[in-house]
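Trainee: I am new to this structure and would like to work through its pockets and its metal site with you, one careful step at a time.

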Amino acid sequence: MGNGVSIQCKKCDYSTTLFEGLGSRTQDFEVFRRELTKKENEIIDFIINNNNINKIFHYNVYTKCEKCGDLSTVPYVEINYDNNKVFKLDYECKLCKGKCNLISEEEVINSKCPICNYEHLQSVRNIFWD
Ligand SMILES: [Zn+2]
Ligand SMILES: [Zn+2]
């Protein structure tokens with residue numbers, strides 16, 4: 001089961017809904033992978049086919065762009081393989097191509113508005129989804 005949060009800015013009309021975690025359907029990595037780009041899937045296939053895979057972690061995460069502050073949901077994948085090797089997908093901002101960092105729900109709510117820079121977005125509701 002995943003959860004999410006709807007946030008809005010008190011000053012401008014910015015609002016968005018973000019999700020994290022996994023639904024019952026996307027617990028299956030093969031289903032979850034459909035969210036990824038072709039290039040990302042090719043990299044993952046390459047690792048899976050050429051190494052001893054120990055464990056694959058996958059779930060949706062909240063991210064924030066280092067450059068423009070845009071908030072979004074991305075499919076996170078971490079593959080542990082061979083002897084303590086770890087592969088993680090990197091995320092770039094869809095708006096400015098900046099680097100996106102993983103953040104917590106609290107950090108989402110305490111972020112500045114990416115549009116007008118007004119401090120503290122307001123959380124309007126929490127969502128539970130499956
Ligand atoms: Zn705003
Ligand atoms: Zn950005």
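This is a predicted model: local features need pLDDT of at least 70, side-chain atom pairs count only at pLDDT 80 or more; totals for chains, interfaces and linings use all residues.

Trainee: How do the residues lining the second largest pocket divide into nonpolar, polar and charged?

Mentor: This pocket has a volume of about 200 Å³, and its lining includes Phe-19, Gly-23, Arg-25, Trp-129 and Asp-130. Sorted by the classes above, the lining residues come to 4 nonpolar, 5 polar and 3 charged.

Trainee: Which strand gives the largest share of the lining of the largest pocket?

Mentor: The largest pocket holds about 310 Å³ of space, and among the 15 residues lining it, Glu-40, Val-74, Tyr-91, Glu-92 and Lys-94 are the closest to its centre. The lining divides into 7 nonpolar, 2 polar and 6 charged residues. The largest share, 3 residues, comes from strand S4 (residues 71-81).

Trainee: What is the geometry of the site of the zinc ion (ligand 2)?

Mentor: The protein donors are the SG atoms of Cys-65, Cys-68, Cys-93 and Cys-96, which lie 2.3 to 2.4 Å from the zinc ion. Four donors count as tetrahedral if all angles lie between 85 and 135 degrees. The angles among the 4 donor atoms here are 98 to 116°, so the site is tetrahedral.

Trainee: Is Cys-65 buried or exposed?

Mentor: Buried means under 20% relative accessible area. Cys-65 has 3% relative accessibility, so Cys-65 counts as buried.

Key
Residues are numbered from 1 along each chain as its sequence is written. Chains are lettered from A and ligands numbered from 1 in the order in which they are written. Side-chain values use heavy atoms; hydrogens and water are left out. On a 1 Å grid over the protein atoms alone, a cavity is a set of points where a 1.4 Å probe fits but cannot get out, and a pocket is an open set with protein on both sides within 12 Å along at least five of seven lines; lining residues have an atom within 4 Å of a point. Grid points are joined across faces, edges and corners, and a volume is the space filled by probe spheres set on the points. Helices (H or I, at least four residues) and strands (E, at least two) are DSSP runs, numbered from the N terminus. Ala, Val, Leu, Ile, Met, Phe, Trp, Tyr, Cys and Pro count as nonpolar, Asp, Glu, Lys and Arg as charged, and the others, Gly among them, as polar. Donors are N, O and S atoms within 2.8 Å of the metal (3.2 Å for Na, K and Ca); water is not among the atoms, so sites may look incomplete. Four donors count as tetrahedral if all angles lie between 85 and 135 degrees; four count as square planar and six as octahedral if opposite donors are over 155 degrees apart and all others between 65 and 115; anything else is irregular. Buried means under 20% relative accessible area, exposed over 50%, partly exposed in between (1.4 Å probe, protein chains only).
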